[in-house]
Amino acid sequence: MDEFERYKPLIDDFEAFLAACERPLPTVVRVNSIKTDPDRACAALDEAGIAYEEPAWQPGLLRLDTDRPGATWGSVHGWWHGQEEVSAISAPVLDPRPGERVFAACAAPGGKGSHLAALADDSCTLVANDRSLGRLSALRFNFERLGVTSAAVTNRDARNYSMKPFDFDAFDRALVDAPCSCEGTIRKNPDALDDWSEGYIETVSTLQRKILERAVQATRPGGVVVYSTCTFAPEENEAVLDDVLEREDCRLVEFDLALDHDPGIAEWHGEAFDPSVRKAKRVYPHRNDTGGFFCARLEVGE
Amino acid sequence: MTDENGPESRAPESESGSESNPGSESGPESSSGVERENNGSRFDRLPASLEDRSVTGRPTREEVVAWWTDRYGVPVEVFEGYTFWEKGSGKLWAFRGEAPSPIAIEGLGITFLRTRRDHWKPTTDAVQRFGHHATRNVCHVSEAEAKRFVAGEDQDIAWEGDWGYLIVAHELAGVVEPIGVGLYLYNELRSQVPKGRRRDLK
């Protein structure tokens, strides 16, 4: 994990960070409120003899004492969905409501998208898009098992997303959970850094800028856009935000997150960003025994 | 982003409408511009009733809702807010958002009902989503029978009711929860759980 040395100046207790990255990740599921509630999910786990803990920072998450959460009745019925704990951050930050038009620009394989639908009582219009048809197949499989009836699934390039299939011309809210170098998933995928290079980070950050820019354009004035990644690289996080702040009429806003986190960084490798990028949040693996994550909330100008 | 059911678990027999619909035909447009046949590359909203129907043989919303009420006792109100769509001949989807008709996209809500054959067949997705409102043609099975059913096995089960497609349900955490569709014929309950949704819980 020499690749992470570049983050030493950013991270307190860097040795603990590296040690956490070496440890496997706990098995976590998110209870799917479209089909059940946490009490019944816990009762089903009790019946199955599977021990669990409930992380305090967000209701509806369960850390399971099994490495096969799929081999359970709860999974058959779509009562829960296996996903990394930190991947449950984005949807509540976007906070979609029933009746709204909600965009998930890079939605596959569907953990965050199904979370968005559940938060809106499965009665919004969720446009779940992904460029990869193979990954969309996984998304549809997950959405169907989880009982998501409010999603329209599209297979387009999010960088120039066209609203043409729909009758409306703007979304109320948009989630850009961008393709990224996935450094923060190292605990889940020990080979996550195999293809890592600074060149790849530069390439993917161009893609991220374009996707976020288009999502802001496709969101109505006063609407909300959430940008998230599972990586630490400032090039893919604060630098992308800095770019969209310059190009589009939008601003970063504060939000609450009950997980222990750091603020966004306003400077990296000699480059200064818009100081409001500090409103973004960085989640490091050693603080909460989770994966790594980055999340920011933007409001589109009126 | 961990996904316990990767794409590899999706079987070709899956009920979900696939990108290619070999059984569907692309209908030519008539000179009036109104479609007369089903077009398998897009979603078309079901007409409200027979008076609104232009595509021959396409089920109506009225018929679809009445079928769930007649067959399973699901109250009409359960489907308020839903629209029903056909993509691929006889493959119906249930959707609870806004979309214009027709719309050529990859998915719209969940797969809901197959109406191509004489006996209409609900999907596993629909039964799991709406089946807890059912009051008849629900076959309650024991834990052991439920595990065989979800593994895709056929089994001899005593059933006094109608033959045909039943909702198969079991008790989980104090509630009756539908697992999927079983075809009951000659004292045998045949599991219709698609391969990608089967699990070995034994």
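Q: Which residues form the negative surface patch?
A: In this predicted model, the negative surface patch is made up of A:Asp2, A:Glu5, A:Asp12, A:Asp13 and A:Glu15.

Q: Where does A:Glu5 lie?
A: A:Glu5 sits in the segment before helix H1 of chain A, a helix that covers 14–22.

Q: And why does A:Glu5 count as partly exposed?
A: Because its relative accessibility is 38%.

Q: Switching to cysteines. How many disulfides does the structure hold?
A: The count over all chains is 0. A:Cys106, for one, is in no disulfide, and the nearest cysteine sulfur, in A:Cys180, is 10 Å away.

Q: What is the closest cysteine sulfur to that of A:Cys230?
A: That of A:Cys180, at 3.5 Å, which is too far for a bond. The cut-off for a disulfide is a pair of sulfur atoms within 2.5 Å.

Q: Are A:Cys106 and A:Cys230 buried or exposed?
A: A:Cys106 counts as buried because its relative accessibility is 13%. A:Cys230 is also buried, at 9%.

Q: Where is A:Cys21?
A: A:Cys21 is in helix H1 of chain A. The residue is buried, with a relative accessible area of 4%.

Q: What about A:Pro98, where is its place?
A: A:Pro98 is in a loop of chain A, between helix H4 (90–94) and strand E5 (101–104). At 45% relative accessibility, A:Pro98 counts as partly exposed. Between the C-alpha atoms of A:Pro98 and A:Tyr161 there are 23 Å, with 63 residues separating them along the chain.

Q: New topic: how many salt bridges are there over all chains?
A: The search of the whole structure finds 29. One of them joins the side chains of A:Asp289 and A:Arg63, at 3.8 Å from N to O.

Q: Which residues are linked with them in a network of salt bridges?
A: The network links A:Arg63, A:Glu85, A:Arg187 and A:Asp289.

Q: What does A:Lys112 form a salt bridge with?
A: With A:Asp177, where the closest N and O atoms are 2.9 Å apart. A:Lys112 belongs to helix H5 (residues 111–119) and A:Asp177 to strand E8 (residues 171–177), so the pair ties together parts of chain A that are 65 residues apart in sequence. A:Lys112 counts as buried at 7% relative accessibility, and A:Asp177 is buried with a relative accessible area of 10%.

Q: Now chain B. How many helices and strands does chain B have?
A: Chain B has 3 helices and 11 strands. From the N terminus on, the order is β-α-β-β-β-β-β-α-β-α-β-β-β-β. Of the 202 residues in chain B, 55% are buried.

Q: Which side chain meets B:Asp44 in a salt bridge?
A: That of B:Arg58, at 4.0 Å from N to O. B:Asp44 is in strand E1 (residues 44–45) of chain B, and B:Arg58 is in the loop between E1 and helix H1 (61–72), 14 residues apart. B:Asp44 counts as buried at 7% relative accessibility, and B:Arg58 is buried with a relative accessible area of 6%.

How values were computed:
Residues numbered from 1 in each chain as written. Chains lettered and ligands numbered in written order. Predicted model: local features only at pLDDT ≥ 70, side-chain atom pairs only at ≥ 80, totals over all residues. Heavy atoms only, no water. Patch = residues over 30% accessible without salt bridge, like charges linked within 9 Å, V, L, I, M, F, W, Y side chains within 5 Å. Areas by Shrake-Rupley, 256 points an atom, 1.4 Å probe, with all protein chains shown as cover. Lys, Arg positive; Asp, Glu negative; His and termini not counted. Charge placed at Lys NZ, Arg CZ, Asp CG, Glu CD. Helix = DSSP H or I, 4+ residues; strand = E, 2+ residues; numbered from the N terminus. Buried < 20%, exposed > 50% of the residue type's maximum accessible area, 1.4 Å probe, protein only.
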